[in-house]
Amino acid sequence: MEIDQTARFVQMLSDGLGNGAVYALLAVGFVVIFKSTGVISFAQPALMVVGALSVSIFGQALGLPYWVAVIAGMAFAAVVALVVERVALRPMVGRPPFVAAIVTLGVDIVLRNIANRIIGPTPAQMGDPFGFSTVTFMGASIQQRDIAAFLIGMVLVAALFAFFKYSRTGLAMRAAAFDQEVALVQGINVGTVFALSWALAAMLAVVAGVFLSAEAGLSQTTFTSAFKALPAIILGGLDSVGGAVIGGIAIGVVEAAFATYQGTGTGQGLSFLGNNFATVSPYLVMLLVLLFKPFGLFGTPEIERV
Amino acid sequence: MTIDTTSTRPEAEDNRPGMLERPLSRVLRPDAEGSRLRGRPDLYTAYKQDMALLNTPAKRNAVVLLVVATVLAAFVLPNDLVVLLSTAFVLCIGAIGLNLVTGYAGQVSLGHAFFVGVGAYVAAVISGPTDGRLLGYGFSFLPLWLLAAGVVTALVGAVVAPIALRLKGLYLAIVTLGLVFLGEHIFKEARPITGGPGVGRPAAVPSFGGGEIASGEVWGLVFLSRAQQLYLIVFVVLVLLAILGRNIARSDLGRAFSAVRDRDIAAEVIGVDLVKAKVLAFVLSSFYAGVCGGLLFTIAGFVDPGSFNLLLSIRFIAMVLIGGVATISGSIMGALFVALLPRVSLEIASRIPESIGVDEILLEGILYGVLIVAFLILEPRGLYGLWVRVRNYWKAWPFSY
């Protein structure tokens, strides 16, 4: 059967951009926390799962309308993030960032174990209006989910940029990210900034989680997708919000490209890489990029003095 | 400790005239090996004594007691506990390896599970049957495949190490995390070697010349089950590697590791070869991981390629953090603690009423996380730190300091 190559390409691109926007949202969350606190939060996947699960519960069990449930889920995840930040992360201020990162790993395990128990063996449905419905464009059937993910993702990122640039709180967060002590002297409550960045990151993660589980539902393995935001931030550089967005989308497209063009069946194309290589391709890209650009494409090189 | 020359005089020479005219150095070092004086066990008269592995009588006695008790335990404990403890000893080896690279040299590795996996498959391929559906060479002599597992994994570590030279801190943590995901994929897809996901393959076959180790009389002396024999073998390997680890840590290489961890630029300025230190840290750690992987699945007899996931890496990190960063004895304590955790949570869960809905698997998962967080916040030196606190309290007892 002759496959229309244009349609195939458009299909690939739409998949990639849709997933990429999701990764970008997660990646921006990582970067927001990293910039203000200097910590990589490995708890992001867990917060995503907890938030998406609460969206499912609000929507399905309590019968709230979808969009209300999403907002409620974001609020819930933000509260969880605030508690985590206050209880587990605040005592780590002044300790090496690696140690704090491991603390978030511990938090991740706790939250994820509880969430997985609630999810159980059958995936939790989001009750989203997209489902599997598609739009036909240039011969390719593009999922509405991907379009919505891309548009909403870009709107949120734009809103976030505006927030950082024009609001007083955003200015305070940028100041704290630049230099915590100087920010303190200027009368900025750095503790509030920490809390705020965790809440922001959690809310972004929930939106990402809702889109990640839009078709198949939220299962016990959905969290592994959230780790793909890590290659994204490495690509973009740990401290660049714009880089995170570009990195996320790039990772999404690379993944879709591998899924589309790798080829199946023995001895065909890149099939020697094994089934489902697409799901791990982001990590390979990350390794290659880091070998040549140790601080990512848009990250600030650390200048060290002894 | 200051040295009181009048009381360090060997007693046998007390009444000899002209004693005090001896050169001071001879008094400070009563004889070449610096033998301990009667009644003053804590007085060191030579640098060598101060730096000895077991530098106090209490330590010496405790270690001898511990080793004897551990060996005797093989004959006393029920079979399931013997198996559990053997697994714990193997995990100790892996934990020491991770502590070398992350604790001593400060290179955060979340990729330990990958190296353990490499070791497991190298051992399984070398010792596996030649005729089966899977790759195997049939060399089941245990020291051979164990050493090979360690060496090959160390070589893989040497390949990965250059990445660590370019990156540091959190970047390195994330990259090693990626290594676990890539490794998991490779293990799942390399079907001729690993059997593929859900199928798996028999683990390394242990033997000493004759047939595979099985229950029976050993040297015609005593009847030992397969589990008991493996327990003793694993324990010997652990003791050897623990002593090696301790010696690495206090050698010039270990000091170089610590210098790199504390401030790598400063270390370079004072003459530490950064490249050598970082690469060797990864190589040594991978060697330990390979040995650990080779033995880990031999006890159960079966390897599933899905075992080498992020959770295994996190378990190793938990062992190091709970046990004590940059201590060998801490690694062992931490590994024992983490390995016994499933058993402990099973006991606790059986006492919780069923209506709450907490079973041992959930409890174990939560305990991992809570313990990591709690130790890092409350006692960053881990179990080892707790032990130091207890020891220091009794040292000065009944005074508070």
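Reader: In which segment of chain B is B:P398 found?
Author: This is a predicted model, where local features need pLDDT of at least 70, side-chain atom pairs count only at pLDDT 80 or more, and totals for chains, interfaces and linings use all residues. Residues are numbered from 1 along each chain as its sequence is written, while chains are lettered from A and ligands numbered from 1 in the order in which they are written. Helices (H or I, at least four residues) and strands (E, at least two) are DSSP runs, numbered from the N terminus. B:P398 lies in the segment after α16 (382–396) of chain B.

Reader: Is the peptide bond from B:W397 to B:P398 cis or trans?
Author: The omega of the bond from B:W397 to B:P398 is near 5°. With that omega, the peptide bond is cis.

Reader: How many helices and strands are there in chain B, and what share of its residues is buried?
Author: Chain B has 16 helices and four strands. A residue is buried if 20 or more other C-beta atoms, placed from the backbone, lie within 10 Å of its own, exposed if 12 or fewer, and partly exposed in between. Of the 401 residues in chain B, the buried share is 43%.

Reader: How many residues of chain A are in contact with chain B?
Author: Two residues are in contact if their C-beta atoms, placed from the backbone, lie within 7 Å. Chain B contributes 32 residues, and the number from chain A is 34.

Reader: Which element gives the largest share of the side of chain A that touches chain B?
Author: The elements that give two or more residues to this side are α4 (97–119), α10 and α12 of chain A. By class (Ala, Val, Leu, Ile, Met, Phe, Trp, Tyr, Cys and Pro count as nonpolar, Asp, Glu, Lys and Arg as charged, and the others, Gly among them, as polar), the side has 28 nonpolar, four polar and two charged residues. The largest share is 13 residues, and it comes from α4(A).

Reader: Which residues of chain A does B:Y171 touch?
Author: B:Y171 is found in helix α7 of chain B. It has 25 other C-beta atoms within 10 Å and is therefore buried. Not counting residues up to four places away in sequence, B:Y171 touches A:I234, A:L290 and A:P294.

Reader: Which residue just after α10(A) takes a positive phi?
Author: The phi of this residue is about 100°. The residue is A:G237.

Reader: What is the orientation of α2(A) to α3(A)?
Author: The axes of α2 (residues 44–61) and α3 (residues 66–89) of chain A come within 8 Å and cross at roughly 140°. That angle makes α2(A) to α3(A) oblique.

Reader: Which element of chain A has the highest mean pLDDT?
Author: pLDDT is the predictor's confidence in each residue, from 0 to 100. The mean for chain A is 86, and 93% of its residues reach 70 or more. Among the elements of chain A, strand β1 (residues 134–137) has the lowest mean, 74, while the highest, 94, belongs to α3(A).

How values were computed
Axes fitted to C-alpha atoms, helices over the stretch in contact; angles between N-to-C directions. Parallel < 35°, antiparallel > 145°, perpendicular 65-115°, else oblique.
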